[in-house]
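Here's a walk through one model, from sheets to cores to a few individual side chains. Have the viewer open as you read.

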Amino acid sequence: MIRIKPYNDASIAEAVDLWRAGHLVAFGTETVYGLGADARNGQAVAAIFKTKNRPQFNPLICHVADSGAAFALGVETPLARVLAEAFWAGAMTLILARRADADIADLTTAGLDSIALRVPSHEGARGLLTATSMPIAAPSANPSGGVSPTTAEHVAAGFAGGDEPRLIVDMGACQGGLESTIIDARGATPIILRPGAITAEMIADATNLTPHSITDQTDIIAPGQLARHYAPRAKLRLNATAPRADEAWLGFGTAPDSEHNLSPQGDLLEAASNLFAMLRALDASGAEAIAVAPIPFEGVGVAINDRLTRAAYEDDADAT
Ligand code: TXA
Ligand code: MG
């Protein structure tokens, strides 16, 4: 039985003990729920891959309480400093060169000489990370290939019947709803490896640089950026103007009217925070196919379209 406990002093203490003992604890962040383990402990990190049923050892994001802890693990560059000041704590992950003295299991970084680092802003996540001095490796807390969880109940449903995670710390529904923006900040120019709520425009404003984006290229820098990901069971048809007879409808903005609308007001941030929960709800309703309204390709809409395109991708051989 997976236990869900509300976020409070007792669950913080229990989470820290479980992490220290090499177990997994799921917790909320401002993006999605993470499946966390001590990033220094290779066996604990191996349990993440086993629990998620991840076919490959993709590198994981290390979550820490503040920028100082992040730059103790990854080599600080002038670009990383500017980005950290602008967007940490928050929904941004930086790829940096892994410091030679970083106490991190090789499995966490999949043997790479780089490391992914994030300082979440969510009060609960910060509470946990401050209470433990460990870096916490945490992918999204869903079985591999599935939709990322934005509530504690989603997490529990994904791992029902297993013995990990030992605890889910319930922090309510995630506000952001999309995974963090991943930026390679090792060089002079920011390279967006995964779009998210921190948009290319925001990065350009903060750095006075035009970020590059690799998301349209086949050259995979982030090994986890496989085509099919974040997938519901039902088939998706994107940029639809109306549902066909056999399709459920996921709307955006006005008309056609429906039960599931990412944002009736056409607010992209609201749509981002609803996306995964609504895909789950439509899956649970038994729909075989889901038609999705067009989402404007601007701001966080870039990230929403990225996730939808991956979710709609048909080649199962690439599922992660
Ligand atoms: O919002 C988020 O980022 C959530 C929460 C829990 O923090 N986490 C998350 O983790 O989405 P995950 O494992 O689902 O995605 C991490 C991505 C993967 O695509 C992985 O390949 C990439 O980060 N990544 C990790 N380390 C990397 C590295 N050294 N170089 C390039 N990409 C890396
Ligand atoms: Mg994931």
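In what order do the 11 strands of the open sheet come, and what is the pairing? Reading across, the order is β1-β8-β2-β3-β7-β4-β6-β5-β9-β10-β11, and the pairing is mixed. Keep in mind that this is a predicted model. The edges belong to β1 (3-6) and β11, each with a single partner strand, so one side of each has no neighbour in the sheet.

Strands β9 (residues 181-184) and β10 (residues 191-194) are antiparallel and joined by three bridges. Together β9 and β10 make a hairpin, with six residues between the two strands. D184 sits opposite I191 of β10.

On to β11 (residues 212-213), which runs parallel to β10 and is joined to it by two bridges. I191 turns up again here, with H212 as its bridge partner in β11.

## The three-stranded sheet

There is also an open sheet of three strands, ordered β12-β14-β13 with parallel pairing. Its edge strands are β12 (235-237) and β13 (248-250), each of which pairs on one side only. From one strand to the next, the twist averages 30°.

Three bridges connect β12 with β14 (residues 289-292), the two running parallel. In that pair, K235 stands opposite A289 of β14. Helix α8 (residues 268-284) lies across β12, β13 and β14, and runs at about 175° to β13.

Which members of the largest nonpolar core touch the most other members? Out of 63 residues, they are F27, L83, W88, M92, L94, L117 and L128. Take F27: beyond its neighbours within four places in sequence, its contacts include W19, V32, Y33, G34, A125, L128, I136 and V169. A second, separate core has 31 residues, including F252, A272, A303 and A312. As background, nonpolar side chains in soluble globular proteins tend to be buried together.

Helix α5 (residues 123-131) has G124, A125, G127, L128 and L129 as its buried residues. What covers them? The cover includes α1 (9-20), β2 (25-27), β4 (61-63), β7 (136-137) and β8 (167-170).

## Aromatic pairs

How many aromatic pairs are there? The count is two. In one, the ring centres of W19 and F27 are 5.8 Å apart and the planes stand at 90°, which makes the pair edge-to-face. Both partners are buried: W19 has 0% relative accessibility, and F27 has a relative accessible area of 1%.

In the other, F71 and W88 have ring centres 6.1 Å apart and planes at 50°, so this pair counts as tilted. F71 belongs to helix α3 (residues 67-71), while W88 is in the loop between α4 (78-87) and β5 (92-97), so the pair ties together parts 17 residues apart in sequence. F71 is buried at 7% relative accessibility, and W88 is buried as well, with a relative accessible area of 11%.

## A look at I304

One last stop is I304, in helix α9 (residues 301-312). Is I304 buried or exposed? Its relative accessibility is 0%, so I304 counts as buried.

Which residues does I304 touch, leaving out those up to four places away in sequence? The list is L178, L268, A271, A272, L275 and I295.

Notes
Residues are numbered from 1 along each chain as its sequence is written. Chains are lettered from A and ligands numbered from 1 in the order in which they are written. This is a predicted model: local features need pLDDT of at least 70, side-chain atom pairs count only at pLDDT 80 or more; totals for chains, interfaces and linings use all residues. Side-chain values use heavy atoms; hydrogens and water are left out. Helices (H or I, at least four residues) and strands (E, at least two) are DSSP runs, numbered from the N terminus. Buried means under 20% relative accessible area, exposed over 50%, partly exposed in between (1.4 Å probe, protein chains only). Contact means heavy atoms within 4.5 Å. Rings of Phe, Tyr and Trp (its six-membered ring) pair if their centres lie within 6.5 Å; planes under 30 degrees apart count as stacked, over 60 as edge-to-face and the rest as tilted. A nonpolar core is a set of buried Ala, Val, Leu, Ile, Met, Phe, Trp, Tyr and Cys residues joined through side-chain atoms within 4.5 Å. Two strands pair if DSSP finds at least two bridges between them. Axes are lines fitted to C-alpha atoms, for helices over the stretch in contact, and angles run from 0 to 180 degrees between N-to-C directions.
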